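Thanks for coming. Please have the sequence and the model open while I talk, and stop me if you lose your place.

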Amino acid sequence: MTAKPKKATPAKKNSKPAAKKAVAASGGDLKETQLRAHRIDKQDTVLTTDQGIVVDDTDNALRAGPRGPNLLEDFHLREKIMRFDHERIPERVVHARGSGAHGFFQPYGNELAAYTKADFLIDPSVQTPVFVRFSTVQGSRGSTDTPRDVRGFAVKFYTQQGNFDLVGNNMPVFFIQDGIKFPDIIHAVKPEPHHEMPQAASAHDSFWDFVTQQPETMHHVIWLMSDRAIPRSFRTMQGFGVHTFRLVDGGGKSTFVKFHWKPVAGTHSLVWDEAQKISGKDPDFNRRDLWESIESGAYPEYELGVQLIAEEDEFAFDGIDLLDATKLIPEELVPVTPVGRMVLNRNPDNFFAETEQIAFSVGNVVPGIDFTNDPLMQARLFSYLDTQLTRLGGPNFAQIPINQPVAPVRHHQQDGFHQHAIPLGEGNYHPNTTGGGCPFIAGADNAFKHFPQEVDGVKLRKRAETFADHYSQATLFWNSMSAWEKEHIVAAYRFELGKVTRMPIRELMVEHLARIDHSLAVSVAAGVGVAAPAKAVKNHGRFSAALSQDQQPPGPITGRKVAVLVADGVEATGVKAIQEGLAAQGAVVELLGLVDGIVKAASGKTLPVDRAMNTVSSVLYDAVVVAGGTESADALADDGYAVHFIAETYKHAKPLAILGEGEQVVRQARLPIFEASDRPGKKASKPMAGALDGVVAVKAGQKVTKAVVEQFAEAIAAHRHFDRPVNGIAA
Ligand code: HDD
């Protein structure tokens with residue numbers, strides 16, 4: 001007789017944190033209610049087929065005798081396998097890898113009322129539900145979160161006037177000026193057609209071939225070579241609408257606008273070595289961070305800002321055509337006015353139903369927001385609507401719950417694949433009398449009215465001459481970088497071009513760089529085996545401080561991850577002080593032991609270990625603490641993994657706190673934070689460099705005071721400390 005398998009008890013429903021409930025109830029509730037109506041709660045239910053037939057066995061197919069063939073009449077088997085066979089839909093041709101979250105947007109006041117009739121931007125009492133999808137561009141749906149790539153930052157506002165989609169990126173400019181080049185740039189950056197390599201990377205011949213042949217890419221590409229292309233988190237990256245849009249007021253007056261998202265958590269990135277390692281250690285790094293922040297109640301928050309340009313100032317910016325998406329307007333010329341905030345406070349219930357099936361479109365605008373003649377935007381107006389047809393299997397994708405507006409939908413469209421609505425009545429055309437003339441045409445006040453821009457021109461295929469300068473703003477970006485940002489950019493060009501197998505492409509790129517800045521070109525050339533180029537142009541010397549990440553406010557330490565390395569014999573008081581002090585400021589502090597379980601403190605008490613060190617890695621943390629206690633330090637110093645953990649932390653310019661005897665472990669890592677004469681093996685006299693370069697140290701026997709914790713918290717807020725001499729560190 002075989003033992004009867006135990007019946008599994010139904011899993012408890014996800015209990016949501018209290019803070020989350022409070023916000024969800026006050027904001028975003030309309031969309032939440034709408035989505036709730038579509039949720040299938042499987043709790044306390046029995047298994048059925050798609051037709052509602054209750055099933056008594058889903059582990060054994062129907063067969064003729066226990067060892068006999070399957071029977072075709074097994075409708076449950078056939079349906080189960082058929083459904084499985086068709087689970088995948090085509091992934092997005094670009095931005096396939098994405099992560100999403102629900103939240104709300106709320107304006108600070110009604111300042112924009114003078115510019116737009118879009119209610120969601122001007123009524124501070126209204127929280128508009130949003131769904132945001134962050135993404136990479138090049139890689140497939142299952143690819144890593146941390147390639148060098150642009151990040152998508154797409155926001156769907158479910159407004160009372162209909163859906164508005166702000167489908168932006170984390171960089172304010174784009175590769176190309178005309179949408180007709182989009183298939184070319186994407187073909188070039190995607191894995192090469194003959195062998196489908198490389199995945200989620202731009203470091204290959206076809207991308208750089210295209211770039212060098214199409215110099216309008218130069219500005220965007222220098223952003224791509226900066227640390228903007230490897231954000232630490234979706235919480236710590238800016239977003240941009242990229243194009244110039246219009247705001248239109250009730251009287252029909254238009255004002256040009258550029259949209260900006262500024263993260264409250266600060267604008268922070270990874271370093272390239274770290275990003276590559278994370279790709280292996282945790283390919284879901286950004287997705288996990290977003291999910292965990294929201295689950296813990298540390299909601300990601302962004303401020304929406306606008307740059308407003310009066311219609312009559314369209315040509316006021318020398319060398320900048322507002323219709324050219326490869327140009328930005330420096331904030332020094334037009335400041336960014338903060339107008340509202342967006343809070344992401346709820347994780348999706350189901351990845352596929354929401355994050356995968358959401359369909360954004362640049363064409364989704366509401367009354368009060370309108371397009372411009374930006375030729376990139378114009379092509380996008382067609383592309384998004386078109387791509388959803390194939391991706392979501394027909395024209396009814398707006399009926400998918402995540403895409404449904406909260407504003408009522410009434411029209412004469414009908415039929416097609418996946419029609420879920422059951423339209424009533426006979427009047428499926430306009431004008432009609434059979435349906436009482438309904439739905440009727442709204443009065444001008446609440447209807448979308450296209451801005452009546454005068455259009456006059458000869459039909460031609462030609463770029464405006466005002467689009468011709470491809471280098472000045474790349475130079476502006478370069479000039480605006482701090483020393484370490486410049487170093488990282490040079491290293492990135494060297495890395496990427498170093499993977500290009502055709503030397504003429506490398507050479508041509510270096511020539512382009514010489515038109516941006518000669519010193520940049522010389523530094524890159526030296527790394528990729530190309531002769532230093534002649535000076536091509538004089539650097540104009542202009543800069544914009546707002547373009548540097550170094551100039552952005554650091555933000556709080558909420559959600560930053562801190563690892564505390566401990567072993568048996570650890571000095572627990574210091575650990576506790578730092579753990580509690582940082583946790584009180586919202587940091588996530590984890591105790592890492594050499595093995596999982598507990599460690600025995602020197603005091604005899606036990607401390608629970610959060611994770612065994614070998615299941616994680618320094619690259620998954622923002623800061624590291626090496627605990628004190630002689631026995632603990634001895635054990636850690638003897639463990640290559642722990643020593644490497646510290647060396648890597650230092651190399652990636654992360655804050656490091658060294659408590660008491662923990663110094664011995666750090667010495668083992670041969671870091672240049674000790675006096676030159678004071679190398680490992682020799683007895684330490686002057687142990688540490690104080691809080692220099694993000695290293696905070698407490699001597700053995702001294703207390704971890706509030707001031708020390710504060711010093712460390714400040715070092716964490718600053719994120720990285722690139723003044724360190726890191727080149728010699730093996731990690
Ligand atoms: Fe695009 C997706 C952002 C130019 C064609 N794009 C897509 C997404 C983002 C952007 C964030 C992912 C949306 C999501 O999460 O579902 N795209 C941009 C930005 C651009 C831009 C900021 C320039 C300013 N895109 C652009 C052009 C074209 C497209 C010029 C075509 C002419 N984009 C698409 C697309 C995608 C898309 C093929 C793929 C999946 C989708 O639309 O829904 O239609």
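S383 has a polar side-chain atom 3.1 Å from an oxygen atom of the ligand. I call that a polar contact, meaning a pair of N or O atoms within 3.5 Å; within protein, one must be able to donate a hydrogen and the other to accept it, and residues adjacent in sequence count only if both atoms are side-chain atoms. Q388 also has a polar side-chain atom by a ligand oxygen, at 2.8 Å. For R92, a side-chain N or O atom is 2.7 Å from an oxygen atom of the ligand.

Before I go on: this is a predicted model, where local features need pLDDT of at least 70 and side-chain atom pairs count only at pLDDT 80 or more, while totals for chains, interfaces and linings use all residues. Residues are numbered from 1 along each chain as its sequence is written, and side-chain values use heavy atoms, with hydrogens and water left out.

Back to the ligand. How many residues surround the ligand? There are 23, and the closest are R92, R133, R380, Y384 and Q388. A residue is near a molecule or strand here if one of its heavy atoms lies within 4 Å of it. Sorted by type, the shell has 11 nonpolar, 9 polar and 3 charged residues. Nonpolar covers Ala, Val, Leu, Ile, Met, Phe, Trp, Tyr, Cys and Pro; charged covers Asp, Glu, Lys and Arg; the others, Gly among them, are polar.

Which element gives the largest share of that shell? It is α11, with 7 residues. Helices (H or I, at least four residues) and strands (E, at least two) are DSSP runs, numbered from the N terminus.

T372 sits in the loop between β10 (369-370) and α11 (375-391). Is T372 buried or exposed? T372 counts as buried because its relative accessibility is 2%; buried means under 20% relative accessible area, exposed over 50%, and partly exposed in between, with a 1.4 Å probe and protein chains only. Leaving out residues up to four places away in sequence, T372 touches T244, F245, R246, F256, L323, M377 and Q378. Contact means heavy atoms within 4.5 Å. With T244 there is a polar contact too: its backbone oxygen lies 2.8 Å from a polar atom of the T372 side chain.

Next, some backbone details. V242, in the loop between β5 (239-240) and β6 (245-248), has a positive phi near 65° without being a glycine. V242 is buried, at 8% relative accessible area. H719 is not a glycine either, and its phi is positive, about 75°. H719 lies in the segment after α20 (706-717) and is buried at 4%.

There are cis peptide bonds to find as well. One runs from M197 to P198, with omega near -10°; P198 is in the loop between α5 (182-189) and α6 (205-213). Another joins C438 and P439, with omega about -15°.

Last, a sheet. It is open, with 6 strands in the order β15-β12-β11-β16-β17-β18 and parallel pairing. Two strands pair if DSSP finds at least two bridges between them. For β18, 4 bridges join it to β17 (residues 656-659), in parallel. L659 stands opposite V698 in that pair.

That is where I stop.
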